[in-house]
Amino acid sequence: MPRPIIDTEECTGCGICVDNCDHDVLDIVQDKATVINEDACIACGDCMEECPMAAIVEIEED
Ligand code: SF4
Ligand code: SF4
């Protein structure tokens with residue numbers, strides 16, 4: 001399954017990626033973007049494109 005890989009050192013917890021994911025894959029947990037629903041990710045890349053910190057470093061496909 002694809003899933004975003006988040007650099008938690010860079011993530012500010014702004015929530016933009018959460019708002020831009022149409023598939024409810026991400027949420028903010030303890031002030032960091034967190035994958036909560038890996039199976040729903042379609043690897044569209046929208047979360048990566050919108051992150052102002054470039055904290056979503058890749059979409060990993062298992
Ligand atoms: S958009 Fe980037 S900085 Fe903001 S919560 Fe998501 S991963 Fe973190
Ligand atoms: S790649 Fe697309 S579906 Fe997967 S978490 Fe990012 S915005 Fe959501």
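## Overall architecture

The protein contains two helices and four strands, where helices (H or I, at least four residues) and strands (E, at least two) are DSSP runs numbered from the N terminus. Along the sequence, these elements follow the pattern β-α-β-β-α-β. The structure is a predicted model, in which local features need pLDDT of at least 70 and side-chain atom pairs count only at pLDDT 80 or more, while totals for chains, interfaces and linings use all residues. Residues are numbered from 1 along each chain as its sequence is written, and chains are lettered from A and ligands numbered from 1 in the order in which they are written.

The C-alpha trace of the protein spans about 25 × 15 × 15 Å along its principal axes. For 62 residues, a compact globule would have a radius of gyration near 11 Å, and the 10 Å of the protein agrees with this. The radius of gyration is taken over C-alpha atoms, and the globule rule is 2.2 Å times the number of residues to the power 0.38. Among contacts between residues at least 6 apart in sequence, 55% join residues at least 24 apart; a contact requires C-beta atoms, placed from the backbone, to lie within 7 Å.

Strand β2 (residues 26–29) and strand β3 pair in the antiparallel sense over four bridges; two strands pair if DSSP finds at least two bridges between them. One of these bridges joins Val29 to Lys32 in β3. The two strands form a hairpin with two residues between them, and Gln30 in the turn has a positive phi of about 50 degrees.

## Burial and the nonpolar core

Of the 62 residues of the protein, 19% count as buried. A residue is buried if 20 or more other C-beta atoms lie within 10 Å of its own, exposed if 12 or fewer, and partly exposed in between, with C-beta atoms placed from the backbone. The largest nonpolar core has 11 residues, including Ile6, Val25, Leu26, Ala33, Ala55 and Ile56. Such a core is a set of buried Ala, Val, Leu, Ile, Met, Phe, Trp, Tyr and Cys residues joined through C-beta atoms within 7 Å. The cysteines Cys17, Cys21, Cys41, Cys47 and Cys51 also belong to this core.

Pro4 lies in strand β1 and is buried, because 24 other C-beta atoms lie within 10 Å. Leaving aside residues up to four places away in sequence, Pro4 touches Leu26, Val35, Cys41, Cys47, Ile56 and Ile59. Pro4 and Ile16 are 12 residues apart in sequence, and their C-alpha atoms are 14 Å apart in space.

## Surroundings of the two ligands

Ligand 1 has 13 residues around it, of which Cys11, Cys14, Cys17, Ala33 and Cys51 come nearest. A residue is near a molecule if its C-beta atom, placed from the backbone, lies within 6 Å of it. The shell around ligand 1 divides into 10 nonpolar residues, three polar and no charged. Here Ala, Val, Leu, Ile, Met, Phe, Trp, Tyr, Cys and Pro count as nonpolar, Asp, Glu, Lys and Arg as charged, and the others, Gly among them, as polar.

Ligand 2 is surrounded by 14 residues, and Cys21, Val25, Cys41, Cys44 and Cys47 are the closest. Its shell comprises 10 nonpolar residues, three polar and one charged.

## Loops and backbone angles

Glu10 is found in the loop between β1 (2–6) and α1 (16–20), and counts as partly exposed because it has 14 C-beta neighbours inside 10 Å. Although Glu10 and Ala55 are 45 residues apart along the chain, their C-alpha atoms are separated by 5.3 Å. Not counting residues up to four places away in sequence, Glu10 touches Met53, Ala54 and Ala55.

Most residues other than glycine have a negative phi. Ala43, in the loop between β3 (32–35) and α2 (46–50), has a positive phi near 60 degrees. Ala43 counts as partly exposed, since it has 13 C-beta neighbours inside 10 Å. Ala54 has a positive phi of about 50 degrees and lies in the loop between α2 and β4 (56–61). With 10 C-beta neighbours inside 10 Å, Ala54 counts as exposed.

Notes
Two residues are in contact if their C-beta atoms, placed from the backbone, lie within 7 Å.
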